[in-house]
Amino acid sequence: MPKASDTLWDLAIAEVEKTENPDDNAKCVEVWEKSLLFMGNKNGGKTTIILRCLEREEIPKPTLALEYTFGRRARRHNSPKDIAHFWELGGGTSLLELIRIPITSSNIRSFAVVLVLDLSKPNELWTTMEKLLQVTRNHANKILSKLEKTNPEVATEIKQRMWNNLQRDHPDYELVDPFPIPLVIIGSKYDIFHEFDSEMRKIISKTLRFVSHYYGASLVFTSKSEALLLKARVLINHLAFGYDKSKSVSVDHNKPLFIPSGLDSLSQIGPPPASDSDIGKMRANTPLELWKKVFEKTFPPKSSSDLQDTKDPAQDLQYAEYEVDVMRAQKNQELEQYKRNASKSWKEMDFDSDELL
């Protein structure tokens with residue numbers, strides 16, 4: 001019931017609250033707010049996956065630097081909408097320092113990482129995966145170290161959650177090293193990968209299964225096929241909006257892999273795909289290092305083509321702004337003229353070598 005002292009602004013606020021929360025109990029519903037960082041190979045399909053998850057019919061554009069978008073979902077009719085923040089790192093592994101921007105001490109409890117690896121480029125696969133996960137893990141661990149001093153309860157909760165996907169009676173409990181924040185690994189361009197030799201597919205599939213299981217991650221292979229994209233959306237929507245986690249599993253390397261975290265095992269994956277004599281010659285300090293050596297024996301890492309700096313966003317047509325571009329061109333001309341004049345004046349100077357000694 002409005003009071004005589006209510007201002008027009010008070011009445012407007014009350015009306016909005018009544019519209020958004022027709023049930024008084026709705027005010028007690030906590031809004032789910034999560035953040036996801038997508039990273040991986042350049043042109044690996046990250047943007048396409050994000051757009052499909054958000055059900056947007058847009059033509060994907062190349063991602064430069066770090067881009068942001070968001071999605072909202074209502075768990076039920078007339079309830080507040082949950083929010084998911086989607087960050088995308090462009091440039092492959094050339095912009096690693098930007099990873100620290102979206103992951104902070106204030107949101108790490110609700111953060112997850114989606115690593116998109118291009119299955120059609122196996123020679124770039126391990127290097128891309130290793131560099132991106134290493135930098136992300138180091139940054140997350142630094143945040144956790146600070147939280148142990150400022151908010152130990154939160155730090156303990158996050159560390160405990162790392163192990164939640166693996167039951168204590170799991171035979172691999174002492175052999176894995178879970179990632180500090182939830183991780184999904186997506187193998188993209190399965191349509192091209194499917195045309196590879198069967199033995200090549202087997203090596204790549206087994207390796208990614210091991211890495212995913214070792215880090216406590218979920219693994220899914222996808223392509224532009226709507227059916228395969230739907231499988232990736234299931235895993236991502238679980239992290240972004242709390243949707244039910246799928247219990248189905250597909251581990252056949254002749255089919256697209258789909259393995260939610262905690263549902264694989266080292267015994268099912270088997271040993272690294274190499275002969276006993278080759279494995280015996282390889283020096284490795286950890287199981288992960290051994291798998292790396294075996295994988296790179298078949299797929300030697302390429303020269304750092306994927307590590308080159310991304311192109312200058314100022315030259316990208318999708319960011320064109322006429323007035324700004326005209327002014328920039330003018331300033332560039334002035335700078336070049338200044339350089340020429342400066343160079344000319346320095347050359348004309350007559351230095352007396354005796355005075356310099």
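Visitor: Is Ser 94 buried or exposed?

Guide: In this predicted model, Ser 94 is found in the loop between strand 3 (81–89) and strand 4 (111–118). A residue counts as buried when its relative accessible area is under 20%. The relative accessibility of Ser 94 is 11%, so Ser 94 is buried.

Visitor: Which residue has its backbone oxygen 2.7 Å from a polar atom of the side chain of Ser 94?

Guide: Ser 94 belongs to the loop that joins strand 3 and strand 4. A polar atom of the Ser 94 side chain has a backbone oxygen at 2.7 Å, and that oxygen belongs to Gly 91.

Visitor: How many of the 8 residues of helix 2 are buried?

Guide: Helix 2 covers residues 46–53 and is largely enclosed by the rest of the structure. Its buried residues are Lys 46, Thr 47, Ile 49, Ile 50, Leu 51, Arg 52 and Cys 53. Of the 8 residues of helix 2, the number buried is therefore 7.

Visitor: Which helix do the buried residues of helix 2 pack against?

Guide: Several strands are in contact with these buried residues: strand 1 (33–40), strand 2 (66–74), strand 3, strand 4 and strand 5 (183–188). Alongside those strands, the buried residues of helix 2 also pack against helix 7 (226–241).

Visitor: Which residue with a positive phi follows helix 2?

Guide: Helix 2 ends at residue 53. After helix 2 comes a residue whose phi is positive, near 55°, and this residue is Glu 55.

Visitor: What is the relative accessible area of Val 220?

Guide: Val 220 lies in strand 6 (residues 218–221). Leaving aside residues up to four places away in sequence, Val 220 touches Ile 185, Ile 186, Gly 187, Lys 231, Ala 232, Leu 235, Leu 257 and Phe 258. Val 220 is buried, and its relative accessible area is 0%.

Visitor: Are helix 3 and helix 10 roughly parallel or roughly antiparallel to each other?

Guide: Two packed helices are described by the angle between their axes and the distance between the axes. For helix 3 (residues 122–150) and helix 10 (residues 287–298), the angle is about 155° and the axes are 10 Å apart. Angles over 145 degrees count as roughly antiparallel. Helix 3 and helix 10 are therefore roughly antiparallel.

Visitor: How many nonpolar residues does the contact of helix 3 with helix 10 have?

Guide: From helix 3, Pro 122, Leu 125, Trp 126, Thr 127 and Glu 130 meet Leu 288, Trp 291, Lys 292, Phe 295 and Glu 296 of helix 10. By class, this contact has 3 charged residues and 1 polar residue, and the number of nonpolar residues is 6.

Note on methods
Residues are numbered from 1 along each chain as its sequence is written. This is a predicted model: local features need pLDDT of at least 70, side-chain atom pairs count only at pLDDT 80 or more; totals for chains, interfaces and linings use all residues. Side-chain values use heavy atoms; hydrogens and water are left out. Axes are lines fitted to C-alpha atoms, for helices over the stretch in contact, and angles run from 0 to 180 degrees between N-to-C directions. Helices (H or I, at least four residues) and strands (E, at least two) are DSSP runs, numbered from the N terminus. Angles under 35 degrees count as roughly parallel, over 145 as roughly antiparallel, 65 to 115 as roughly perpendicular and the rest as oblique. Contact means heavy atoms within 4.5 Å. Ala, Val, Leu, Ile, Met, Phe, Trp, Tyr, Cys and Pro count as nonpolar, Asp, Glu, Lys and Arg as charged, and the others, Gly among them, as polar. Buried means under 20% relative accessible area, exposed over 50%, partly exposed in between (1.4 Å probe, protein chains only). A polar contact is a pair of N or O atoms within 3.5 Å; within protein, one must be able to donate a hydrogen and the other to accept it, and residues adjacent in sequence count only if both atoms are side-chain atoms.
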